[in-house]
Amino acid sequence: MKVPETAELFDLEYTAAAEYLSGYVRPWEALAGIKELVAALGKTLGGDYTEVAPEVWVHRSARVAPTAYLGAPCIIGEGTEVRHCAFVRGSALVGRNCVIGNSVELKNVILFDGVQVPHYNYVGDSILGHKAHMGAGSITSNVKGDRSAVTVRCGGERITTGLKKFGAMIGDYAEIGCNSVLNPGTILGRRTSVYPLTSLRGVYPADCIVKNDSAVIKRKEKFTHEEG
């Protein structure tokens, strides 16, 4: 097993960050520049977006609850719903037709089109691919307990990232079960599903079912995505 590259995790057709992300083979290397990316992209947006506060751009078709907080810089895409008491701390690029749920916190993230983080999720220093879904209460843990640099565990190999804050890279169509924890440096392949109450660490291949850290099985049937 090898660490998947950016193009193996994400279909770049489904994000405004396509050109930016294409410059990185290892996707976590893109985390450091998200703030600058969002600020620059925002200045290029057309009349369908309103700058509701300095460096906070919201598409006219997006629905943002009056109790939600949008911190700069951030972009909220077409058709996206930001629900009651969501807390977008900033450095967030949220794509089209996403759901940012009640009491969800986002910080330094790229969410591709169709991502759903609908209930009590924390997503920090992470990238979520097209139509990835996080079940209620599932979170990305983005800092190690000893505050040392995050490493990516892939088999017996440890890859140093040099980042003190790195949550998860979640591939297209991945499904995270309720109350699961993605420990720092987790990478989840496309179309992989995770059981509820699972603690993840390291690299998990595409098209798998993860029951726990030692029980990872390949799908027997072709993956199909049901619209929620």
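What follows is a friendly chat about a few places in this predicted model.

Reader: Hi! I'm new here, so let's pick a residue. Where is Thr-80?

Author: Thr-80 sits in the loop between strand 5 (74–76) and strand 6 (81–82).

Reader: Is Thr-80 buried or exposed?

Author: Thr-80 counts as buried because its relative accessible area is 0%.

Reader: Which residues does Thr-80 touch?

Author: Leaving aside residues up to four places away in sequence, Thr-80 touches Ala-62, Arg-63, Val-94, Gly-95, Arg-96, Asn-97 and Cys-98.

Reader: Nice. Now pockets: how much space lies in the second largest pocket?

Author: That pocket holds about 160 Å³.

Reader: And which residues lie nearest its centre?

Author: Those are Ala-16, Tyr-49, Leu-93, Val-94 and Gly-95, out of 15 lining residues.

Reader: How does the lining split by class?

Author: The lining of the second largest pocket has 9 nonpolar, 3 polar and 3 charged residues.

Reader: Let's change topic. Where does Asp-11 lie?

Author: You'll find Asp-11 in the loop between helix 1 (6–9) and helix 2 (18–21). Its relative accessible area is 29%, so Asp-11 is classed as partly exposed.

Reader: What does Asp-11 touch?

Author: Its contacts are Phe-112, Asp-172 and Arg-190, not counting residues up to four places away in sequence. Asp-172 is 161 residues from Asp-11 in sequence, yet their C-alpha atoms are 7.2 Å apart in space.

Reader: What about Glu-13, is that one buried or exposed?

Author: Glu-13 counts as exposed because its relative accessibility is 59%. The loop between helix 1 and helix 2 is its place too. Glu-13 and Leu-45 are 32 residues apart in sequence, and their C-alpha atoms are 17 Å apart.

Reader: Let's talk about the backbone. Which residues does a cis peptide bond join?

Author: Ala-72 and Pro-73 are joined by a cis peptide bond, with omega about -10 degrees. Pro-73 belongs to the loop between strand 4 (69–70) and strand 5.

Reader: Why would anyone point that out?

Author: Because most peptide bonds are trans, and likewise most residues other than glycine have a negative phi.

Reader: Then what is the phi of Ser-91?

Author: Ser-91 has a positive phi, near 50 degrees. This residue is in the loop between strand 7 (87–88) and strand 8 (92–94). Ser-91 is buried, since its relative accessible area is 11%.

Reader: And what is the phi of Tyr-173?

Author: Tyr-173 has a positive phi near 65 degrees. Its loop runs between strand 17 (168–170) and strand 18 (175–176). With a relative accessible area of 24%, Tyr-173 is partly exposed.

Reader: Okay, strands next. How many bridges join strand 15 to strand 16?

Author: 4 bridges join strand 15 (residues 151–154) to strand 16 (residues 157–160), and the two run antiparallel. In that pairing, Arg-153 has Arg-158 as its bridge partner, while Thr-151 stands opposite Thr-160.

Reader: What happens between the strands of that hairpin?

Author: There are 2 residues between the strands, and Gly-155 takes a positive phi near 65 degrees.

Reader: Which residues make up the covered face of strand 15?

Author: Val-152 and Cys-154 form the covered face, whereas Thr-151 and Arg-153 form the uncovered one. In a regular strand, side chains alternate between the two faces of the sheet.

Reader: One more strand residue: what does His-133 touch?

Author: His-133, in strand 13 (residues 133–134), touches Gln-116, Pro-118, Ala-174, Glu-175 and Ile-176, not counting residues up to four places away in sequence. The side chains of His-133 and Glu-175 make a polar contact of 3.1 Å.

Reader: Last topic, a helix! Which residues of helix 3 are buried?

Author: In helix 3 (residues 34–42), the buried residues are Ile-34, Leu-37, Val-38, Ala-39, Leu-41 and Gly-42.

Reader: What do they pack against?

Author: They pack against helix 2, strand 2 (56–59), strand 5, strand 8 and strand 10 (105–111).

Definitions and conventions. Residues numbered from 1 in each chain as written. Predicted model: local features only at pLDDT ≥ 70, side-chain atom pairs only at ≥ 80, totals over all residues. Heavy atoms only, no water. Buried < 20%, exposed > 50% of the residue type's maximum accessible area, 1.4 Å probe, protein only. Contact = heavy atoms within 4.5 Å. 1 Å grid on protein atoms, 1.4 Å probe; cavity = no way out; pocket = protein on both sides within 12 Å on 5 of 7 lines; lining within 4 Å. Points joined across faces, edges and corners; volume = space filled by probe spheres on them. Nonpolar A, V, L, I, M, F, W, Y, C, P; charged D, E, K, R; others polar. Pairing = 2+ DSSP bridges. Polar contact = N/O pair within 3.5 Å; in protein donor to acceptor, adjacent residues only side chain to side chain.
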